[in-house]
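Here is a briefing on one structural model. Look over the sequence and the coordinates before reading the points.

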Amino acid sequence: MPLPEHNTQSTPLEDRLKKLISLHGPINLATYMAQALGDPTHGYYTTQTAIGRKGDFITAPEVSQLFGEIIGVWLLAQWQQQGQPEPFHIAELGPGRGTLMQDIIRTLCTFPQAAKSLRIHLVEMSDSLRQEQADKLAPVKHLITWHDTIDSLPDAPIFLVANEFFDALPIHHWIFHENRWHERIIGLNEQKELAFGLGAVRDLVPHHPLQPSEGSIWEHCPMADAITQSLAAHLATHGGAALIIDYGYLDHAYGDTFQAIKDHAYADPLIAPGQQDLTAHVNFAALKQSIAKQQAASEADSETNALQVATTTQGEFLLNLGLLQRAGQLGAGKNHDDQEAIRDEVERLAAPDQMGELFKVLTITKSDSPIAGF
Ligand code: SAH
């Protein structure tokens, strides 16, 4: 089979994927997404300055220190509720530039008991981001352990946060066509460019009760399900709490949310793999289902293993935990412009038309006290 002509505009990863497809046939969306984001040489998170004003997108911790401070307060409250188990293991999935962890640690360290027993665990796949995290967290570097996956976290209570991590996990698209489910695949069109197509029929039943119609797209993220189940098993067995924050939806739905972002604007996800961010909205109903599955499997009706699970919006979560009061404290004594800037940050994080409603929060806690959720 002839190889496609070399396109001088394409990225190294695009060339490699095109060769792979021309030799072995189309790939599925999850393979494409995993390679585009995670390839050790050409992947987006390993090669690009993705996050921040100079990057392609800005995340909540990059908007304001208030975000990490409120999360720090939540983690501390959970730790106290569970009797301050020592060491105080805190963990973050996908810590990006380390900004959120820096704000969390600053908050926790105002409590001497927490400061003296702190251990930090960062689950990060990108070597360049690990380096950035090490630089940013240099004063506490001796307390940090990096992990490839959550499976190597210590067998102990863990207090964990994941912000904009699950949206980067590879998804599959299943398309309902003529009463059968087909996997959406990526092949080459007549111009030898990457293009979507319909793969072979699969005998599938989506893990939710919605009736599909012609053209329905089911987004399935097996890696999110697997990580959530492991996390739930860890918390049920060892204790601790987890806070998952991401843009997404609370009820099952069909639809295509796969998207590319480059320079703060939407882009074609099949162009320039490795050079633009690829994400999909997080299905929080599926995450909850994974926790329920883990609970059922471990017969967690016994009180010792039961987990409390709750969902809300980012706006509600932050406001309930005192965002406005903390913003007032931060602005006290500052000049008018600084106070305005803080007000803008609060709006950005919590207003319904900004991040407040699009972003959702899932809490998983071992404790059954009234403040366990948020
Ligand atoms: N939480 C940060 C960064 C979000 S970007 C913030 O809010 O600013 C996504 C992060 O998850 C990056 O650090 C990326 O390298 C990491 N990541 C994505 N997929 C991963 C995986 N499968 N395993 C480990 N880390 C991953």
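**Glu14 and its surroundings**

Leaving aside neighbours within four places in sequence, Glu14 is in contact with Glu193, Leu194, Ala272 and Pro273 (contact means heavy atoms within 4.5 Å). The model is predicted: local features need pLDDT of at least 70, side-chain atom pairs count only at pLDDT 80 or more, and totals for chains, interfaces and linings use all residues. Residues are numbered from 1 along each chain as its sequence is written, and side-chain values use heavy atoms, with hydrogens and water left out.

- Glu14 sits in helix α1 (residues 12-24). Helices (H or I, at least four residues) and strands (E, at least two) are DSSP runs, numbered from the N terminus.
- Glu14 is buried, at 6% relative accessible area. Buried means under 20% relative accessible area, exposed over 50%, and partly exposed in between, with a 1.4 Å probe and protein chains only.
- Ala272, one of the contacts of Glu14, is also buried, at 16% relative accessibility.

**Backbone points to check**

- Ala272 has a positive phi of about 50° although it is not a glycine. Ala272 lies in the loop between β12 (265-267) and β13 (277-279).
- Asn179 is another residue other than glycine with a positive phi, near 65°. Its place is the loop between β6 (172-177) and β7 (180-188).
- Asn179 is exposed, with a relative accessible area of 61%.
- Glu86 and Pro87 are joined by a cis peptide bond, with omega about -5°. Pro87 belongs to the loop between α5 (65-81) and β2 (88-93).
- Gly239 follows α9 and has a positive phi, near 95°.

**Nonpolar cores**

- The largest nonpolar core has 52 residues. Such a core is a set of buried Ala, Val, Leu, Ile, Met, Phe, Trp, Tyr and Cys residues joined through side-chain atoms within 4.5 Å.
- Tyr32, Leu93, Phe166 and Ile364 have the most contacts inside the largest core. Helix α9 (residues 222-238) gives the most to this core, with six residues.
- Apart from this core lies another, of 44 residues, among them Ala60, Ile105, Leu122 and Phe159.
- Phe166 touches Leu93, Ala224, Ile227, Thr228, Ile244, Asp246, Val282 and Leu287, not counting residues up to four places away in sequence.

**Helix α9**

- The buried residues of α9 are Ala224, Asp225, Ile227, Thr228, Leu231, Ala232, His234, Leu235 and Ala236.
- These buried residues pack against β2, β5 (158-163), β9 (217-220), β10 (240-249), α10 (284-297) and β16 (359-365).
- The 17 residues of α9 should span 24 Å at 1.5 Å a residue, and the end C-alpha atoms are 24 Å apart, which agrees. The expected span is 1.5 Å times one less than the number of residues.

**Ile245 in β10**

- Ile245 is found in strand β10. Ile245 is buried, at 1% relative accessible area.
- Not counting residues up to four places away in sequence, Ile245 touches Phe67, Ile71, Ala162, Asn163, Glu164, Gln314, Phe359, Lys360 and Val361.
- Ile245 and Leu235 are 10 residues apart along the chain, and their C-alpha atoms are separated by 17 Å.

**A three-stranded sheet**

- Three strands form an open sheet in the order β12-β11-β13, with antiparallel pairing. Two strands pair if DSSP finds at least two bridges between them.
- β12 and β13 stand at the edges with a single partner strand each, so one side of each is left without a neighbour in the sheet.
- Strand β11 (residues 259-262) and β12 pair in the antiparallel sense over three bridges. Ile261 stands opposite Tyr266 in β12.

**Aromatic pairs**

- The structure holds eight aromatic pairs. Rings of Phe, Tyr and Trp (its six-membered ring) pair if their centres lie within 6.5 Å; planes under 30 degrees apart count as stacked, over 60 as edge-to-face and the rest as tilted.
- The Tyr44 and Tyr45 rings have centres 5.3 Å apart and planes at 70°, so the pair is edge-to-face. Both Tyr44 and Tyr45 are buried.
- Trp79 and Phe88 form a stacked pair, 4.2 Å centre to centre with 5° between the planes. Trp79 and Phe88 are both buried.
- Phe176, Trp181, Trp218 and Tyr254 are linked into a cluster by ring pairs.
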